[in-house]
Amino acid sequence: MKNKTINSLITILFIIFFVFIGIYQINPPNAVPTNVPLIEFSSGRAMKHLEVIAQKPHPIGSVQNIQVGNYITKQLTALGLDPKIQQTTAINSDGAVVIAGTVRNIFAFLKGTNNTKAILLVAHYDSVPNGLGASDDGAGVVAMLETARALKAGSPLKNDVIFLFTDGEESGLLGAKAFVNEYPWAKDIGLVFNFEARGNSGPAIMFETSSQNGWLIQEFAKAAIHPVANSLMYSIYKLLPNDTDLTVFKKAGLAGFNFAYMNGLVYYHSSSDNLDTIDERSLQHHGEYALALTRHFGKLRLENTQKSDAIYFDILGSVLVHYSEVWVIPLTGFVFLLFIWVVVFGLRKRLLSFTGITFGFLALLLSIVTTSVFVTITCWATYILHSEYRWLSQGDIYNSNLYLISFVALTVAITSGLYVWLSKKVSIPNLTVGALLWWLLLMVLTSLYLPGASYLFTWPLLFSLVGLKFIFAAKPQNNVFLQSLMLAVLVIPGIILFTPTFYLIFNTLTLNMSGLVMIFVVLLFGLLIPNFYLISINKKLLLSKYYSDRQVQKIDYSNQSHWLLPTISLLISLVFVVTGGLTAGFDANHPKQNSIFYAFNADTAKAIWASVDEQTDEWTSQFLATNTKKGNLSEYFPTSPRKVLLNQAPTIPLAAPNIKLLNDEVKASVRTLHMQISSPRQARIIRIYVYPNVQVLGAEVNGKQITNNSLEVVTKWWGLYYFAPAKEGIELTLAVKSSQSLKLKVVDQLDGLPEIPGKTFKTRPKYMIPTAFAAGVSDSTLVSKSFTF
């Protein structure tokens with residue numbers, strides 16, 4: 001009994017060790033101090049720039065944004081480069097409303113000795129209105145500045161290098177749009193590196209590349225020092241509606257790589273994205289990519305970078321394995337035949353049965369459904385018991401790793417408990433093959449429909465089948481320990497591939513999707529079934545038949561070693577979920593998020609306080625104390641159905657936006673109105689809406705034509721959001737049918753709340769910060785006015 005328990009513990013510790021290794025090795029590299037040689041990248045030197053850039057929020061159109069831009073220009077000049085400013089009106093008409101703005105892009109050339117095509121390094125220097133932007137995207141900006149310095153200190157490259165600091169990314173990729181549309185030498189760019197962040201820590205992941213990327217991945221594998229990349233992330237990202245600046249460059253036909261670190265989503269797009277919370281190691285990882293890849297590709301010919309797509313994945317953040325996508329189907333076919341061969345071999349040796357395999361297949365399905373339901377319910381109950389979690393707008397929480405460990409342990413407890421119970425009726429070989437049948441199914445499906453993800457199932461299944469065949473062929477005189485060791489070694493690829501992928505996906509999808517993410521844990525358990533049971537069962541029984549169905553009843557299931565894993569896992573789950581609950585509060589280092597804004601309707605001379613929060617708290621209640629109700633903001637955001645908290649506010653006669661009609665003419669039944677729209681308050685954002693049932697036949701802003709599918713729609717609001725308007729405002733031209741009158745609603749938005757005579761409001765406590773709200777309205781003042789022509 002003692003030896004069995006010790007063997008079981010050894011097995012569990014072995015698996016935990018490689019799980020730990022899988023996660024630990026995707027940590028970013030160590031930060032590098034300022035005293036390293038000048039030709040190397042130093043996060044310490046880059047942090048000196050970040051201390052200047054991330055002092056205050058600097059959204060597009062703000063004074064702070066101009067100050068950050070001036071600092072970047074000064075640093076580039078000090079390096080001996082000749083920075084240029086591209087100030088222009090940029091338009092993004094890809095969405096339901098048109099996004100436009102006045103951007104100030106900054107770019108500089110580092111000339112090569114024998115240029116083929118240029119390398120473009122990109123990061124955006126604007127932040128969200130409520131964020132300091134240390135990670136998003138200050139880290140990308142300073143990584144580029146430090147890379148430029150290191151390149152100048154080293155040997156010259158053959159290819160030109162362009163450093164582009166875009167403006168207005170947070171408002172709709174405006175800077176990238178302007179550069180692609182107006183930069184006359186865009187066709188001379190061979191490769192783009194874009195640097196982003198969706199959190200405050202973690203490895204910098206190469207999560208997106210361009211199509212026909214075989215050659216790019218081949219060279220990336222040669223150059224990257226700490227590669228963290230896989231084609232699964234790229235395959236998933238292509239299916240999502242998310243965009244970065246690289247999206248614009250890819251649509252322009254340019255090849256490239258996209259890098260971002262993603263741990264700590266709760267800090268994203270908030271004032272918690274600051275110098276105190278950023279992990280300097282993540283910045284170092286950005287810089288290592290930027291410098292190493294620029295030096296590598298800077299010496300290569302970049303006229304033709306297209307080659308068939310690659311399947312790729314890193315091993316322990318050290319080596320990138322890659323092969324052509326054309327090998328996916330042959331590999332799938334080989335593993336499929338190997339599976340059939342192993343099953344036939346097991347059937348002939350009477351170790352397997354069709355009935356047993358079927359039960360094994362259903363057993364994993366039962367485990368997936370049961371664990372997903374229990375974890376989802378536990379997660380839901382956690383949010384009920386700790387309502388404070390709902391104050392965090394990104395779907396993530398500060399102590400999410402505690403719940404991750406708890407949910408993984410709960411998944412292992414439920415799954416292993418089910419398998420202990422099921423193994424009273426079904427043999428371990430049948431349970432194992434039934435589980436591997438799911439891996440086979442997922443391998444085939446991904447190979448056909450999501451080839452970039454196929455590796456995740458192909459290689460672990462391949463090694464597991466080899467191990468299973470070895471055990472099936474083992475003779476009674478073979479040493480049980482050697483069999484156990486063989487299985488342990490052959491399951492390592494599955495652990496190494498699955499564990500970091502699971503962890504990265506959890507950080508991407510957040511706690512709310514835990515029930516779905518735990519499916520990965522159950523699938524991994526399917527590979528480990530023999531390891532959990534092989535060295536804890538009766539040795540003589542093992543050597544005789546490796547546990548056939550007819551011998552299942554001979555096993556003593558009162559043996560404590562069989563229930564050791566479920567028991568320990570359940571205890572771990574309880575400990576961590578309780579610890580998570582005890583650390584659920586807020587403090588200055590883990591602040592609560594809330595929102596309030598003031599909106600004045602100049603047509604009705606009425607004002608409201610509004611909040612996107614679900615309920616009031618001790619700070620927002622001073623604005624929403626009585627008669628608070630839920631409603632929409634159709635007077636200010638006609639296209640948004642979102643419900644918010646509303647309450648009457650003191651009326652302040654704020655200056656409303658103004659429209660000056662410059663020209664109004666009719667030709668061929670088309671009425672064209674040319675207007676100047678301005679904000680006397682010098683608002684940072686102006687939103688213009690055309691009322692429904694008025695068909696907009698054409699539109700221009702500041703002399704630039706707007707092309708948008710919404711021009712065809714007459715039953716919905718047509719909208720234009722303009723960021724960073726000039727002091728004199730913007731010029732808008734609209735063409736409508738001559739038989740229609742034109743009715744507009746204009747809303748301008750200024751950062752900050754107004755001063756209300758006779759009213760004094762408490763400032764936010766230190767443990768509170770403004771909500772990271774998508775529309776950027778938290779702690780701002782809106783004024784709305786309607787016009788009819």
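R681 is buried (under 20% relative accessible area; exposed is over 50%, partly exposed in between; 1.4 Å probe, protein chains only), with a relative accessible area of 15%. The model is predicted: local features need pLDDT of at least 70, side-chain atom pairs count only at pLDDT 80 or more, and totals for chains, interfaces and linings use all residues. Residues are numbered from 1 along each chain as its sequence is written, and side-chain values use heavy atoms, with hydrogens and water left out.

R681 pairs with D748 in a salt bridge (a side-chain nitrogen of Lys or Arg within 4 Å of a carboxyl oxygen of Asp or Glu). The closest N and O atoms are 2.7 Å apart. D748 is buried as well, at 0%. Salt bridges that share partners also join R45, E146 and R149 into one network. In total, the whole structure holds 17 salt bridges.

E219 and K222 form another salt bridge, with closest N and O atoms 3.2 Å apart. E219 is buried at 5% relative accessible area, whereas K222 is exposed at 55%. K84 bridges to D82 at 3.0 Å between the closest N and O atoms. Both are partly exposed: K84 at 40%, D82 at 48%.
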